[in-house]
Amino acid sequence: MIPKYEKLFDNELKEFIRTSESFAAKSVSGSVEEMRQSYNEMVNHFKQARSQNVQVEDKKVEFKERSLTYRRYSKNSDDKSDLIYFHGGGFVLGGLESHDDICAEICERTGCTVFSLDYSLAPEVKYPEFFLDAIRFYYFIKNPDRRLIVIGDSAGGTLAAFVSNKVRNIAIRPEAQVLIYPDLAGQIRGPNKRKFADAPLLTEDDIDFYHKCACLPLEKGLHDLIKNFDHDNTPNTLLVNAEIDPLGEDCHIYLDILKKHGCDVTFLEGLGLPHGFLRARHLSKKARIVFDEIIKFIIQTKQNNV
C-alpha cells in the first residue's frame, strides 16, 4: 500500500487490502486471462458459505444474439419481491461465482428472490453488448405482479443505473435502484487529477484499462450516466459511495443531479472504505455497517410498496 493511504484505513481494512493486493500481485503479464485467474482466487479466499435456507438454481435465457446463464436465489416464503443483481468487475472480470455469497446473503436477509446474470464480458464481447444483455434481462425477469429492485456494484452499478434510466417512464419501472460505488462518468481522466487517483484496490489507471478493454466510447457512451441521460422520474435510489475510491467524486456529482431532478435519493458514504468493500463485510466493522444499511433499505422498500 502507498504510505499516504496507511493513515486512512483502520487495521481491519489494512489487512483486507493487503490480502486482496497479494492476489493482484500475481498478475505479472497483465493479460486478461491472468487477471481473471487472480481475481477468482481472491474471490474464493473471501467467499462466505451460503445459508442452508437459500435455494440456488442456474438457468439459461435465450436472446437472439446469445444464450446467457443466470442464477436464481430463493427462500421458502411467500415474499413477492424480486431483485436483479449486476456484478462488478469493470465489464472484464467476474461472473456468477464472484458475487455468489453476496447475492445469497441478500436473499437470506431480505427474503427477495435474487437473480444474478452472467452477462457478456470484454474483450470477447465489446460495448454495448453488456448493456444490451442487462436491459434484455430486466424485461425477461420483470413480473408486473411482483416488486422489483435493481442493484449492482462497480460496473454492475453502472448497468443497474442504465437499466433504471431506460425504463423509468414505462409501467414496469423498478421500485428502486441500489448503486454501490458505481462507475458513472464517461471519462475517468480530466484536467484535474482525482483526489484518490492511485487508491488501493482501484486506480485511475485500472479504470482506464477496463474502459479501453471494453471499448467504451469517450463521448455519448451508455456508461456516462452523468452527461448523457435525463433523470426525471428516476426510481427511489440508494447511492452507496466508497470514500477512498477514484470513482467517489462522480457519485457526489450524480447525487446532486438526482436531487435536482426531484429523485427520492438516499446517500450512504462509506467513510474510510475502499472500492470493493462489500467483500470485506464480514472482516470490517465499517464495511458491515454499510452492508447492513443496504439490507435495511431493501427491506424498507419492500414494506413501503406492499
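Trainee: What should I know about the model before I start?
Mentor: It is predicted: local features need pLDDT of at least 70, side-chain atom pairs count only at pLDDT 80 or more, and totals for chains, interfaces and linings use all residues. Residues are numbered from 1 along each chain as its sequence is written, and side-chain values use heavy atoms, with hydrogens and water left out.

Trainee: How many helices and strands does the chain have?
Mentor: There are 9 helices and 8 strands, taken as DSSP runs numbered from the N terminus (helices: H or I, at least four residues; strands: E, at least two).

Trainee: And how much of the chain is buried?
Mentor: Of its 306 residues, 58%; buried means under 20% relative accessible area with a 1.4 Å probe, protein chains only.

Trainee: Switching to Lys142, where does it lie?
Mentor: In the loop between α5 (129–141) and β5 (147–153).

Trainee: Which side chain of opposite charge is nearest to Lys142?
Mentor: Glu175, 5.5 Å away. Lys142 is buried and has no salt bridge, a term for a side-chain nitrogen of Lys or Arg within 4 Å of a carboxyl oxygen of Asp or Glu. For charge, Lys and Arg count as positive and Asp and Glu as negative, while His and the chain ends are not counted.

Trainee: What lies 3.2 Å from a polar atom of the Lys142 side chain?
Mentor: The backbone oxygen of Arg146.

Trainee: Which residues does Lys142 touch?
Mentor: Leaving out residues up to four places away in sequence, Lys142 touches Leu148, Ile172 and Arg173, where contact means heavy atoms within 4.5 Å.

Note on methods. Buried < 20%, exposed > 50% of the residue type's maximum accessible area, 1.4 Å probe, protein only. Polar contact = N/O pair within 3.5 Å; in protein donor to acceptor, adjacent residues only side chain to side chain.
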